[in-house]
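Open the model in your viewer and keep the sequence panel beside it. Each stop below says what to select and what you will find there.

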Amino acid sequence: MDVRRLTDRLGGLAFGGDYNPEQWDAEVWKQDDELMRRARVNLATVGVFSWALTEPEEGRYAFDWLDAHLDRLHAAGVAVDLATPTASPPPWFTLAHPDALPVGPDGTRLTHGSRDTYCVAAPAYRLAARRIAAALAERYGDHPALALWHVHNEYVSLCHCDHAAAAFRVWLRARHGSLDALNQAWGTAFWSQRYTSWEQILPPRRSQWHRNPGQALDYSRFWSDETLAAYREQRDAIRAHSDRPVTTNLMMPGYQSLDLWAFGREVDLVSVDHYPTAPGVDAAAHAAFDADRARSFAGGAPWLLMESGTNTVYVGDRVLPKEPGDILRHSLAHIARGSEGALFFQWRQSKAGAETWHSSMVPHAGPDSRTFREVTATGEAVARLGELAGSTARAEVAVLHDSDAWWAMNVDGLPSAELDYIGPLRRAHRALWDAGLTVDFAHPERDLSRYRAVLAPALFLLTDAAAENLRRYVADGGTLLVQHFNGIVDERLHARLGGYPAAPLREALGIRVEEHRPLARGEEVALSDGSTISSWSESLRTEGAEALAAYTHGLLAGRPALTRHAFGSGHGWYLSTRLDDASYTALVGRLLTEAGAAPELPGLPAGVEAVTRHAPDGRSWHVLINHLDEAVPLPQPGHDLLTDGTVSRLPAGGCAVLRAIVNAHQAPPA
């Protein structure tokens, strides 16, 4: 379905957020109507946590309250993203179906009293979810307020119950075909784990020591597929009664229970939630990281920031407020990278309940507050950017990203507890962000030919097809950086024999890793080029590659640590350790120079974020965000959509959206 249908319906980019009118009374609703107009809200997500109200008892629906609010929002000019409420089953459901409550890996069954109290594999839950999705779609499928369907909310919950076990066995039969094939894949000859009947197989529950890694990886794959099947069931029930686009809001945290590439192929519009985990410029970099991932999962198409915190930064055991101006800066960071708007959780801060202190567009202090004033300013800014609808960002560099590789890094028994997936991924993106580049994430088996440079920071698991794809990318002229502990196992988690990484990748890199040598926690060692390393080292030998830096201590003294190999028309780089931040940033910069990758808008200092959105008709716009404490002159003056005037300087902490000039003799398009 065409994503432009949403922005055409809204008359521009989306702005708004989750709206829960059931928490309030008629007097507050009147205030909401006026405040939404003031903030330029044009899209409200309704009904996310309303199952108990919409279906007060099994099979009996109460739609009057929802009728009234959809009619009211439509009259106020606010379109609706209508949610199915299946992320939070009501008490009557769990009382009637206690077997549908989730079970943890230790065998403990959870009780009702929070959200996500369901097992996605439980038949009773799946039936109830399909039923309420169909009932909502039948009633509201062509309602004039309806612009978008929002299935569920943040599919992330895991379960290890007997329903999940039965579904897992069905999935395993389809994947492996026979017990012999499964036993071979899981290496069950070790520890006397050989299975002789399917009924013997369970989810990877808590056990005496290490779980079987093949079993754990397959369970992650199964759970993602099972969750996607649950999404499809609701989506298809909706499509039987409505032609509006259907999505589900994908979480972008530092853990992962879903294959987001697969979900990206099934939704009509990729939509994501984002909450930064550090303040200041680190929050800006985190926003860019998740926005680039979202666009990549959407196949480069426009997507939507479905949920973000107006004034929320999660740092360890603290929830910090954002700095003044961050609401606009973070919203524009997502819009710059292809989001068709900026939505928040939630519209009005709850006065009771489990998320009383979660930030909102209208805080407890009310509209006479810094937060609401910034929300209003952001709404006015987004309203001026309607001409960007349907455009998206482009990238000439990529970071490789694979759900299987992520799940594989979570298995027991790896040689160091400091081995991580998301950390290296974010670090690679941050180095490219610091260099002023827009970044794609790419699956290692997909065509990479359009990228000047590709970084592979965390591909512990690498399929034969992916290894051959990377070899071909380098041979055809690409610049590839592969980092330590990559290409170590195949898709069954079987170790690569004869040296690491996988043979086709070794050929492109011109090296052979013989031994992993983790460093002690906190240990730092110098390389021959003066850079500092920590956490990890490897014993490798060159097989055609040039050694650019060597280890200087212990058994590895004089052995190569960083290599570069001319292969075919390209170059394969290998980094066998973890560099300090400055040295890693310098290394990435060196690769970019070699590959000829540069910012689309050159001439800006470090600390000024610049991303260009391109429309199919050839128009483009530069989105600029100044993270510095001083004003910055622009390379050339431009027409700013935010002020509707010409700007030549970007103030400290300021933003601009400039129409790009095609050439010096052509005026910017109206």
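Start with helix α8, residues 179-186. Its buried residues pack against two other helices, α7 (162-176) and α9 (213-239). Bear in mind that this is a predicted model.

Now show the side chains of α8. Which residues are buried here? They are Leu179, Leu182, Asn183, Ala185 and Trp186. Look down the helix axis. These residues cover an arc of only 165°, so they sit on the same side of α8. Next, turn to the face that points away from the buried side. Step past the end of the helix to glycine 187, which follows α8 and has a positive phi, near 60°.

Select α11 next, residues 280-297. This helix has 18 residues. From first C-alpha to last it reaches 26 Å, close to the 26 Å expected at 1.5 Å a residue. How many of its residues are buried? The count is 15 of the 18, so α11 is largely enclosed by the rest of the structure. Glycine 299 follows α11, and its phi is positive too, near 70°.

Now pick a pair of helices: α2 (residues 26-39) and α13 (residues 370-383). They pack at an angle of about 55°, with their axes 7 Å apart. That angle makes α2 oblique to α13. Show the side chains where the two meet. On the α2 side, select Leu35, Arg38 and Ala39. On the α13 side, select Phe372, Val375, Thr376 and Gly379. Colour this contact by class and you get four nonpolar, two polar and one charged residues.

The next stops are about the backbone. Most residues other than glycine have a negative phi, and most peptide bonds are trans. Look now at some exceptions.

Go to the loop between β11 (339-344) and α13, where glutamine 346 is found. The peptide bond from phenylalanine 345 to glutamine 346 is cis, with omega near -10°.

Move on to the loop between β16 (479-483) and α17 (503-509), the place of proline 501. A cis peptide bond joins tyrosine 500 to proline 501, and omega is about -10°.

Stay in the loop between β16 and α17 and select phenylalanine 485. Phenylalanine 485 is not a glycine, yet its phi is positive, about 55°. Is phenylalanine 485 buried or exposed? It is buried, with a relative accessible area of 5%; the cut-off for buried is under 20%.

Leucine 493 has its place in the loop between β16 and α17 as well. Its phi is near 70°, a positive value in a residue other than glycine. Leucine 493 is buried, with a relative accessible area of 14%.

Finish at leucine 459, in the loop between β15 (453-456) and α16 (464-475). At 1% relative accessibility, leucine 459 counts as buried. What touches it, leaving aside neighbours within four places in sequence? Leucine 459 is in contact with Leu400, Asp402, Ala405 and Pro444, and also with Phe485, Asn486, Gly487 and Ile488. You have already visited Phe485, in the loop between β16 and α17.

Key
Residues numbered from 1 in each chain as written. Predicted model: local features only at pLDDT ≥ 70, side-chain atom pairs only at ≥ 80, totals over all residues. Heavy atoms only, no water. Buried < 20%, exposed > 50% of the residue type's maximum accessible area, 1.4 Å probe, protein only. Helix = DSSP H or I, 4+ residues; strand = E, 2+ residues; numbered from the N terminus. Arc of directions from axis to C-beta. Contact = heavy atoms within 4.5 Å. Expected span 1.5 Å × (residues − 1). Axes fitted to C-alpha atoms, helices over the stretch in contact; angles between N-to-C directions. Parallel < 35°, antiparallel > 145°, perpendicular 65-115°, else oblique. Nonpolar A, V, L, I, M, F, W, Y, C, P; charged D, E, K, R; others polar.
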